[in-house]
Amino acid sequence: MNAIPQLLFDALSLGGIYAMAALGIALIFGVMKLVNFAHGEYIAFCVFALIVPSTDAVAVMFLGKAPAILLIPMLLLIGAVVAVASEFFVFRHVRNATPVAMMISSFALGFVIQNTLLLIYSSRPKAVSLWPELNQPVSIIGASIPLLQIIVIFTTLLVVVTLALLLKRTRIGLEMRAAAENFTMARLLGVRANVVITGAFALSGALAAAVALIMVTQTGVADIRMGGQIMLVAFIATVIGGLGSLPGAVAAGFLIGAASVILQGFLPLEARPFRDAFLYTLVIVSLLLRPDGLFAPRSTKPRV
Amino acid sequence: MAQTHKQKRLSAWSTPVLLIAILVVFTLLVTILGDKSLARMAAQTLIRVTFVVGLWIFVGNSGIVSFGHAGYMAIGAYCSAWLTLRPQMKGMFLPDLWPFLATAEWHVLPAAVVSGLLAAFIALISGAAILRLSGIAASIATFAFLAIVYTVYSSWEGVTGATSSVVGLTRYADQWVTLGWASVTVLAAAWYANSASGLALRASREDEVAADASGINMYRHRLISLVVSAFFTGVAGALFGHSLGVLNPNSFYLGVTFITLAMLVVGGIGSLTGAVMGVLILSIIIEALVRMERGLEIGEATYALPTGAQEIIIGIIMILVLILRPAGLTGGRELRLRIGGR
């Protein structure tokens, strides 16, 4: 038995997915203090863009037929377009509202996207086979691990490193960091608000598309509800990590992934269906101990 | 001076009276003019009034958006089912109930009250932890609470029936019973909002720091309002179960959370009138859309909206209201009579 490396890889790959989703939410929160509940629906939208609109149980590939080299950039682009469009049509108009009103408008937008998908594709989960060969196990240090898990881990690393470089080395990155620190001041110093916010939404949407690709390959189903679950976890990760802190979001994403895999592995059998209840209890405990998050940036503390 | 104060108190009390009058007129109109399905819709609407006004007691006064109230609703609904279902049925479908509950066969009214009390008790425990947080962290924590309740109720096979529905509840919650509870809830909400605790809490909603500096213990008042609020959402849950006759954990998750928040936001979070009017307006729109989904005959042709269009339109209405009138349709104002001249 090689349970420990197996668990390690499970934790890293699950955490990687959570971390990418959390990054998408934290990016937007950083620039406009919007808690974007529609993020999960961006993921669902990208998943369903892969298949032909129909209500059948087995999906016919639409975009999914394209070779990977075309498919991946195309889907990332779709994710970015959806996110930017939602900013243009909804969030731009509530930018000056209270954070609560913005949060509820994103909740409403998510509801609209979800029900539009429901209308077109019906609520039945569909079997999708995208790159099934990636689920074949390979053995590493004695544990047999699906190739996909390794790809997920490397993709997460790649995304985090690219994003870090983008934020630290490019002008738009600098502007985004400035906007996250103090949006009003940044605007006074010549940062173009619309460019920064649109950029953040585009990146966030592309991240949602990446998560969508990974989830479809991993689970082999397209389900309307798949976005909701991951969004909830991603939110919690951004709050635990400290709202607005990007490294915090990534770290907390991995932390939740690890906690969930460990609970799954070590809880007694009869308590396992309640795993999520334990997980969310841990979340509340963590919030109580560190209300501002584990890695809170200084700018989130309100000044009197 | 004392005179104007008295007048203000009196005129504040005219709000719940007017709102209850509106609810009574609504119920009478539906009962007289409508058919059976419309009467059922009225009962559902009044249950939503009970729920949303209960939710408002916390959200409206504290300013913290709660995503967790559907959880208190689930707790109330299942508690009432445990207390009122016939013991033979419980033995068959819910075999792991504690002996006391397994043999209980209560009258529906005390069962509804106890269901509310259980929800309030859970609110006391969960709120004691969650309300130490503030702002968005508190909202996310209420979301975590909802997810906990949902996970427990949809996995605890022998006690809640898990994802297979609990059936056979007496369907006593018609439009008159629900009208009674909705009125009680409106009265209680007005009483709380005008009580010392409610006023202190609203002061903290407007300015946390200033309220803190004036010696208001924000945590305590938030907890009090959450407990009161959870009692009525628990009762709304019990009524919900006894109106449909069927319980399923999925009825108490994101769908109901969204639609009730939508009603509160469309009406206006800031006022009790907003909470009641939001429910009435959106419920009427939903009913109209549902009928349009079934098909509308104009001349010889039948026009029907595609199924599911109703949710999309509700979402769009909500976004438009948020963009055009961020404080909701009532804009935080109350419906009230001016008693005595100025």
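Is A:Cys46 buried or exposed, and what is its relative accessible area? Some friendly notes on this predicted model follow, starting there.

1. **Cysteines.** A:Cys46 is buried, and its relative accessible area is 0%. Over in the other chain, B:Cys79 is buried too, at a relative accessible area of 6%. If you were hoping for a covalent link between cysteine sulfurs, the disulfide count over all chains is zero.

2. **The interface of the two chains.** Here 37 residues of chain A are in contact with 40 residues of chain B. Chain A and chain B bury about 3,300 Å² between them, and carbon and sulfur atoms give 91% of that area. On the chain A side, the residues that lose the most area to chain B are A:Ile104, A:Phe107 and A:Phe111, which together make up 18% of what that side buries. As for charged pairs, the count of salt bridges between chain A and chain B is zero.

3. **The domains of chain B.** Contact between them involves 27 residues of domain 1 and 19 residues of domain 2. The area buried between domain 1 and domain 2 of chain B is about 1,900 Å², with 78% given by carbon and sulfur atoms. In domain 1, B:Arg48, B:Val52 and B:Trp56 lose the most area to domain 2, together 29% of what that side buries.

4. **Helix α10 of chain A.** This helix covers residues 246-266, and its 21 residues should span 30 Å at 1.5 Å a residue; the end C-alpha atoms are 30 Å apart, so expectation and model agree. Its buried residues include the glycines A:Gly248, A:Gly253 and A:Gly257, along with A:Leu246, A:Val250, A:Ile256 and A:Leu263. Among the elements of chain A that cover the buried residues of α10 are α1 (3-32), α5 (147-169), α9 (226-241) and α11 (275-289).

5. **Helix α5 of chain A.** One of the elements covering α10(A) is α5, and it deserves a check of its own. At 1.5 Å a residue, the 23 residues of α5(A) should span 33 Å, and the end C-alpha atoms are 32 Å apart, which agrees. The buried residues of α5(A) include A:Leu148, A:Ile150, A:Val152, A:Ile153, A:Val159, A:Leu163 and A:Leu167, and also A:Gln149 and A:Thr156.

6. **A backbone angle to look at.** Most residues other than glycine have a negative phi. A:Lys33 is not a glycine, yet its phi is positive, about 55°. You will find A:Lys33 in the loop between α1 and α2 (39-49) of chain A. With a relative accessibility of 36%, A:Lys33 counts as partly exposed.

7. **A buried alanine in chain B.** B:Ala138 sits in helix α7 (residues 135-153) of chain B, and it is buried, at a relative accessible area of 1%. Leaving aside neighbours within four places in sequence, B:Ala138 is in contact with B:Ile64, B:Ile130 and B:Leu133. For a sense of distance, B:Ala138 and B:Gly332 are 194 residues apart in sequence and 23 Å apart in space, C-alpha to C-alpha.

How values were computed. Residues numbered from 1 in each chain as written. Chains lettered and ligands numbered in written order. Predicted model: local features only at pLDDT ≥ 70, side-chain atom pairs only at ≥ 80, totals over all residues. Heavy atoms only, no water. Disulfide = S-S within 2.5 Å. Buried < 20%, exposed > 50% of the residue type's maximum accessible area, 1.4 Å probe, protein only. Helix = DSSP H or I, 4+ residues; strand = E, 2+ residues; numbered from the N terminus. Contact = heavy atoms within 4.5 Å. Expected span 1.5 Å × (residues − 1). Buried area = accessible area lost by both parts, 1.4 Å probe. Salt bridge = Lys/Arg side-chain N within 4 Å of Asp/Glu carboxyl O.
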